[in-house]
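Here are some exercises to work through with the model open beside you. Try each task before you read its solution.

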Amino acid sequence: MAVLVYLEAEDSKLKKSAAELASFASALANGEKVYALTVNAANATECGAFGVDEVHVLETTEQLLSAAQTAQLIAEASKEVGAKTVVIGSSADAKYFGALVAAQLEAAYIPNVVGLPETQDGTQLFKRSVFTNKGFAFTKATTDTVVVGLAKNAFGSTPNEKPIQVVTKAATLADTTVTSEGAEKASGKATIADADIVVSAGRGLKGPENWGMVEELADVLGAATACSKPVSDMGWRPHGEHVGQTGKPVATNLYIAIGISGAIQHLAGINASKVKVVINNDPEAPFFKAADYGIVGDAFEVVPKLIEKLKDFKAQNA
Amino acid sequence: MKILVCISAVPDTTSKINFTANDTEFDTQGVQFVINPNDEFGLTRAIWFQEKQGAEVHIATVGTATVEPIMRKALAIGADKGFRIDAVPSDGFFVATQLSSLIQREQYDVVICGRESIDYNGAMVGGLIAQQCKYAFINTCVKLEIEGTVAKAVREIDGGNERLSSKLPLVIGAQKGLVEESDLKIPNMRGIMMARQKTIEVLPAENIEARTTDVRFERPAAKGEVTLIEPNDLDTLIDLLHKEAKVL
Ligand SMILES: Cc1cc2nc3c(=O)[nH]c(=O)nc-3n(C[C@H](O)[C@H](O)[C@H](O)COP(=O)(O)OP(=O)(O)OC[C@H]3O[C@@H](n4cnc5c(N)ncnc54)[C@H](O)[C@@H]3O)c2cc1C
Ligand SMILES: Nc1ncnc2c1ncn2[C@@H]1O[C@H](COP(=O)(O)O)[C@@H](O)[C@H]1O
């Protein structure tokens, strides 16, 4: 059965997640045709390098589509190409339009999927994370059509160059009751959702005035900054940086935790990250049990030194 | 203004998660259930509308009688009335469809769900309700003001915020930020006493087929030992991150 994958674009370019999503869709299609859908992406053909056969590029002068409008475009496209499996990502936007797409297609919605399904008695069982990464469920759909939400950084990207067909057309947008009045984004800064590396700090840093070194470390690494819940509750850092079970989920390649104790709610939200480094002056801090690499030491001594060493490393490996 | 807050009862955030019956069921033994944290932010905002703008606030939960203590807590926080739809919440579609029937009957102006429940993390009930009831929908909502039939809201996006406006009726997905942590309502003695007098109406569930089935569960693989590095040997750390972990 054909698979349709929706690739989000930003500033007229496919987002970084496109490679992973296209690779997953193509593996899922298992030889059947892979369609991609994207809105206003000038570099749409690039997904051909990850197994997409045909990409539909919808064009609109509208800057910020509502989730309902995006959902409608995805639902219409999947009907048009006869896809019974629709693959979406797990960005904030995907978590917004995902349910709307499923409802419009009368499909099952299986989010937070961490890999290819296994087949049991002819039906596909998707492994997805539940209980905020404290467990996994193997879930099957009881409907013909299924919307699969791929968890970030769960599958990786596998180059699979194919000659790609491009279909460009104008997007027909539905009326929307929710209208955007503009978005504010920190420009030129890596976001927790997209960064390969996240540098996170906790109450061990004593106060907001000490975040300079956290930001500098993040700068050197091209990383996003994050924090523990009490740090955002006390207003040391903005809410958008709070990660964990009740904050943002983190699934990066490298997570560096500085002065964070490693409470169960914090760990649940970040343990989908591949490699965890912990810097804490208390050898008994629970975070060490969840870490790959640990430094027992004073953050105020270790972090500045680490910044210098990393600058040297970057200079040598540039 | 009539507001419905959809309350999901979930394991307390400190719970260890285990599975039983050959890994086909979540093991509730020793697990303490609480109001889903995202729903708690939504409920507190609803009570603000009740206090400041005279809103009537109802709560609804799809669940068996075991969820009633959680519902009583929500009533003690200040909700006026509860509905319990009597069924095991088998999946997000099942839950949403049950709630949609109630919403269409009661004609709520605003329906507040959580961004996601922290048990099955579906992040879908709010969106499904919106689509089924033809209500507007705003997810990851961190600010909500209502004047007349118009809502002004802010939602969190990756790396920032988006300002939105919408006509009612509206469904939102609530989360931290909608109210400050320090403003979260905690039931006081008077609230607890009053909650005893409030109604929880039990409604029979409609016969709806779930769209997904969890066939079995698995716990995450055990974590290997941490590699400790001396604070004065950061070259080794960088070397390991570069060559062994391949993340630099
Ligand atoms: C319902 C609920 C939900 C929650 N959700 C979340 C969530 O989503 N995310 C989250 O993060 N928390 C969450 N929490 C809070 C969580 O339980 C912890 O309280 C919190 O994570 C602790 O933050 P922390 O590690 O920054 O601070 P602390 O626990 O105070 O730890 C500070 C650490 O810094 C170390 N330290 C001190 N000085 C130094 C130094 N000079 N150098 C190096 N290390 C130093 C200490 O040894 C200590 O380990 C939640 C709690 C509840 C009840
Ligand atoms: N059994 C339930 N009863 C009432 N509301 C629910 C139930 N399950 C989920 N919800 C609501 O839907 C939101 C999102 O849940 P979910 O889609 O399961 O992540 C929750 O935060 C609740 O507001």
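**Exercise 1.** Sort the shell around ligand 2 by residue class.

*Solution.* Count nonpolar (Ala, Val, Leu, Ile, Met, Phe, Trp, Tyr, Cys and Pro), charged (Asp, Glu, Lys and Arg) and polar residues (the others, Gly among them). The shell holds eleven nonpolar, seven polar and two charged residues. This is a predicted model, in which local features need pLDDT of at least 70 and side-chain atom pairs pLDDT 80 or more, while totals for chains, interfaces and linings use all residues. Residues are numbered from 1 along each chain, chains are lettered from A and ligands numbered from 1 in the order written, and side-chain values use heavy atoms, without hydrogens and water.

**Exercise 2.** Find the polar contacts (N or O pairs within 3.5 Å) of ligand 2 with B:Cys6, B:Asp39 and B:Gly114.

*Solution.* Start with B:Asp39, where a polar side-chain atom sits 2.4 Å from a ligand oxygen. Next, a polar backbone atom of B:Cys6 is 2.7 Å from an oxygen of ligand 2. Finally, a backbone N or O atom of B:Gly114 lies 2.9 Å from a ligand oxygen. As for cover, the protein buries 94% of the 480 Å² that ligand 2 exposes alone (Shrake-Rupley method, 1.4 Å probe).

**Exercise 3.** How do domain 1 and domain 2 of chain A meet?

*Solution.* First take the bounds, 3-170 and 197-316, from an automatic or database domain assignment. Then list contacts (heavy atoms within 4.5 Å): five residues of domain 1 touch ten of domain 2.

Note on methods
Polar contact = N/O pair within 3.5 Å; in protein donor to acceptor, adjacent residues only side chain to side chain.
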